[in-house]
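Hello,

Here is the structure I said I would pass on. My notes on it follow below.

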Amino acid sequence: MTTLSYDATGAARQAHEQHLPALLADKVATRIFAKDATLWGPDAEAESSVRLGWVEAATVSQPLVADILALRDALRSEGVSRIVLCGMGGSSLAPEVIAGTAGVELTVLDSTDPEQVATALADRLTETAIVVSSKSGSTLETDSQRRIFEHAFTEAGIDAKSRIIIVTDPGSPLDKSAREAGYRAVFNADPNVGGRYSALTAFGLVPSGLAGVDIQAFLDEAEEAAEVLNDDSAENIGLALGAALGGTNPLRNKIVIAEDGSGIAGFADWAEQLIAESTGKLGTGVLPVVAGPASPEATLGAPDVLVIRLVAADADVELGENEVAIAGGLPTQMMAWEFATAVAGRLLGINPYDQPDVEAAKVAARGLLDAQPEPTPAAFTDGAIEVRGGEWLGGAATAAEAVSALLGELRPDSYLSVQAYFDRLAYAPLEGIRDQLAAHSQRPVTFGWGPRFLHSTGQFHKGGPAIGVFLQVTAAAETDLPIPGLPFSFGELISAQAAGDAQVLSEHGRPVLRLHLTDRAAGVRQLQELVAALAGQAVSSTES
């Protein structure tokens with residue numbers, strides 16, 4: 001039985017009351033499920049007409065289940081007990097949440113950092129199969145990951161073709177080349193579903209199912225959720241959530257998504273991409289901020305912030321002002337948030353299915369790889385940190401002064417984005433600086449690991465309102481890895497991705513502070529210490 005519960009206060013409740021009559025009169029819920037591409041205006045109609053397959057994905061994907069489970073059993077009989085997912089953005093975030101919530105092992109390789117790639121390669125290679133997921137079939141990161149695993153399998157005396165499974169759109173370059181290469185299996189996803197809406201397609205189901213998730217039960221629950229949401233009723237929680245996301249007045253364009261006992265592992269990271277990439281364009285949109293229930297943004301009370309708490313179904317939640325609490329199983333929540341994002345797009349007056357600014361950083365990175373220019377000289381070096389920035393750096397002579405100068409660029413409606421381009425697993429504790437920076441700046445702070453965030457919040461940073469300031473952190477690797485068949489290494493690739501993104505952000509007039517850690521461990525410690533010192537100063541100032 002599908003259950004979804006919702007409660008809201010303040011601006012979120014007012015948004016629901018304001019927009020519900022028109023949403024019901026316009027029959028928005030049933031028109032979405034009828035795939036009415038006119039809902040988002042004439043400019044969006046062409047794109048929307050080929051991106052609404054998500055509304056029936058749970059039903060359309062049912063025939064995939066038998067083939068996925070048969071392949072899982074065959075692999076297990078051959079001693080394959082470890083699945084590695086090579087994918088980015090929509091191809092990796094949903095399977096990571098699905099597997100994590102189910103408590104099954106799935107190694108998600110969504111990085112080009114040479115040390116993170118090396119770690120994935122070194123773990124039980126003889127027991128490993130990889131799922132290579134790319135909607136377009138031309139994703140550079142995913143192709144690079146496939147190349148190095150294929151090389152490693154062959155070097156270890158393993159039949160590489162038997163260990164490579166492909167998920168892609170029909171007719172993509174990867175679809176054609178994979179069939180010609182004779183890889184173990186090729187699964188085609190519905191081409192009428194965009195990447196960030198693809199959780200219930202082959203992109204979400206193949207890696208999750210091979211890893212051991214009960215994908216039949218997952219789809220069954222999602223089908224029930226679709227039936228509940230397909231209702232022009234005042235009780236439709238999807239409409240209420242959509243109004244909260246995109247209909248507050250004035251617009252609260254920082255949406256703090258806080259895990260508060262829902263039991264869903266990493267849901268906010270998946271929702272972050274869905275919302276940011278769908279709404280952040282034409283100078284508007286809403287920015288998801290992944291935080292904890294007691295993070296500074298959750299208690300800040302800022303006029304541009306709305307807090308959404310992910311709670312357990314039976315939780316007794318006392319909401320503060322301008323807060324939402326939502327509960328439901330993972331498939332139900334995924335359907336509800338996809339639906340609500342589509343509703344929010346209508347209220348914001350944008351096309352929720354395109355991503356016009358995502359390609360800019362990719363093009364810039366490829367240009368840097370081809371040209372191989374000399375790195376921009378550092379303004380100065382402080383310990384294990386090289387500092388690069390714009391004129392706003394002023395007379396900063398230490399890394400701490402540089403960070404303070406960047407924070408000085410924040411306005412009352414701004415946010416800070418921290419972007420770390422290195423191993424997100426080995427250095428996961430670095431994310432702790434997010435709360436400290438939020439406490440110090442009294443502004444919302446996002447933390448993204450590069451290059452994976454380029455496929456999600458990167459769209460909002462460039463296409464949304466010009467209110468972001470950016471702290472980019474890169475790090476030297478002790479060893480690099482060549483990419484078989486390509487003229488550059490993983491280290492060169494991730495460096496170009498970071499430099500390309502910084503270039504595009506700067507061209508959009510966004511302040512970017514670049515900190516390069518010449519020694520990873522020492523640099524991370526130095527950065528953590530300087531941020532802790534800044535946060536301590538803020539606390540002392542407040543207490544005095």
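Strand E12 (residues 385-388) runs antiparallel to E11, and three bridges join them. Threonine 381 stands opposite glutamate 386 in E12. Helices (H or I, at least four residues) and strands (E, at least two) are DSSP runs, numbered from the N terminus, and two strands pair if DSSP finds at least two bridges between them.

Before the rest, a note on the source. This is a predicted model, in which local features need pLDDT of at least 70 and side-chain atom pairs count only at pLDDT 80 or more, while totals for chains, interfaces and linings use all residues. Residues are numbered from 1 along each chain as its sequence is written, and side-chain values use heavy atoms, with hydrogens and water left out.

The sheet

The open sheet has six strands in the order E11-E12-E16-E15-E13-E14, with mixed pairing. Its edge strands, E11 (380-382) and E14 (445-449), each pair on one side only. Helix H17 (residues 399-407) lies across E11, E12, E13 (415-421), E15 (468-475) and E16 (512-517), at about 155 degrees to E16. Helix H18 (residues 433-441) packs on the sheet too, touching E13, E14 and E15. Axes here are lines fitted to C-alpha atoms, for helices over the stretch in contact, and angles run from 0 to 180 degrees between N-to-C directions. Contact means heavy atoms within 4.5 Å.

The cores

A nonpolar core is a set of buried Ala, Val, Leu, Ile, Met, Phe, Trp, Tyr and Cys residues joined through side-chain atoms within 4.5 Å. Buried means under 20% relative accessible area, exposed over 50%, and partly exposed in between (1.4 Å probe, protein chains only). The largest nonpolar core has 88 residues, and Ile32 and Trp54 are among those that touch the most other members. Helix H15 (residues 330-348) gives the most to this core, with ten residues. Apart from it lies another core of 37 residues, including Phe380 and Leu406.

Backbone points to check

The peptide bond from asparagine 249 to proline 250 is cis, with omega near -5 degrees. Another cis bond joins glycine 450 and proline 451, with omega about 5 degrees; proline 451 is in the loop between E14 and helix H19 (458-463).

Glutamine 372 has a positive phi of about 50 degrees although it is not a glycine. This residue is in the loop between helix H16 (358-371) and E11, and counts as exposed at 52% relative accessibility.

Regards
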